Amino acid sequence: MSDSRVINFGAGPSALPESVLKKTAEALFNFNGTGMGIAEISHRSKEFGAYIANCEALIREQLQVPPTHEILFTQGGGTGQFSAIVLNMLARHHLLYPELDDEHRSMDYVITGSWSKAAAEEAKRLGAGNLHIAVDARVYSKDGKSFDNIPPHGAYKFSSHDPALIYYCENETVNGVQFAKDETSPTSFPFHLFPKGKLLPLVADYSSSFMSRPIPRLADHAVIYAGAQKNIGPAGLTILIVRQDCIVDVDAAAKLGAIPVPLMVSYKTLAAKKSLHNTPPVLAIYMAGLVLERNKELGGVEYYAAVNQRKANKVYGALREGEISRVFRGLVNEGSGSIMNIVFEVLGDGAEARFLSGAEQLGMKGLKGHRSVGGIRVSLYNAISEEQTDKLVSYMQEFISQETNRS
């Protein structure tokens, strides 16, 4: 790391590999020998067309995306998909079940944190379909109001008839909870509760864990989406993996009573125009492509799954030491903790400020927790190296010693 750069543990926009930043700086002046910068080149040019096609191929290869699914690039972030998901999936439902009224068009939401809660609120705000909460993790929390757990499998109550969508957020960035990747774990997503051999309307927000490890049962999902600004690029780009049966004629659905879907958020429009209906976030796509190429060279999601787990284990180990010494307090139940975003409190008057100040003096920033939760949040995205993680862990251990001596 150069002397002018710090270690960015922020939750997003988050750290990017230095090699990617340097290549981007060069491409801002001259992209692939065109004599134009990447921020200047036409998105209709053959050079950019080839580049975005390669980005798609890299994602398809590394995540083993089957041919039944399209990979799309759009704007609006994960929050934009809160609306797009509802509109596209309700349009599909109207085409499948034109005789139903809105009251019988269920939308199932699994609420495990701030982002899935926000997604459910947007579905309700749009006012079409029947919002059904399949489970709310707050009910199973220590205080009855916090998002500190992944609920047990027996807690889920999905709609008995065919819902328009089944929504979950794989990793909650704010609250630091994540579904376990091991399907035998009680904190895994309960895929086994659904009928086998059926096309499920399963929708997953993977914004803060995309490309960090393989996606369980990817082929069973209707839609997977991710804002790029965590593991894959700068803000402004959203990546979608959409099953082909969910790319529907939204205008035909509108004639059957569905909410008219703006062309800009229609999956059919995006797919038909190969993500180039309008000018996409060209620079963000370019940087994502560099990250994807680097990922492939390192070993892809399998490589990152191992590295990220080691990084998380080290930080959780230091957190446990702090809990024993009553210096730290974890905010998530054991077994439900995220490997991407680790949240905890620093105990004692002025202790949190001392922790943040000491970290900043050592060149570590972005550790302050989300404003709605407070405390500390350590984000260990792909660009954070194991060496950088070790530096944080060492500081946490030194801080524990200092605070213990202080008391």
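Me: At which residues does UniProt place the feature "domain: Aminotransferase class V"?
Reply: Good place to start: this is a predicted model, where local features need pLDDT of at least 70, side-chain atom pairs count only at pLDDT 80 or more, and totals for chains, interfaces and linings use all residues. Residues are numbered from 1 along each chain, and side-chain values use heavy atoms, without hydrogens and water. The UniProt entry is unreviewed and puts the domain at residues 7-392.

Me: How far apart do the end C-alpha atoms of residues 7-392 lie?
Reply: This span is 34% helix and 16% strand, counted as DSSP runs (H or I, at least four residues; E, at least two). Its end C-alpha atoms are separated by 9 Å.

Me: How do helix 2 and helix 7 stand to each other?
Reply: Helix 2 (residues 46-63) packs on helix 7 (residues 282-298) at about 45 degrees, with axes 9 Å apart. Under 35 degrees is roughly parallel, over 145 roughly antiparallel, 65 to 115 roughly perpendicular, and the rest oblique. Helix 2 and helix 7 are therefore oblique.

Me: What is helix 9 to helix 10?
Reply: Helix 9 (residues 351-361) packs against helix 10 (residues 386-406) at an angle of about 140 degrees, their axes 11 Å apart. That makes helix 9, relative to helix 10, oblique.

Definitions and conventions: Axes fitted to C-alpha atoms, helices over the stretch in contact; angles between N-to-C directions. UniProt positions renumbered as here; feature names shortened; annotations may be inferred.
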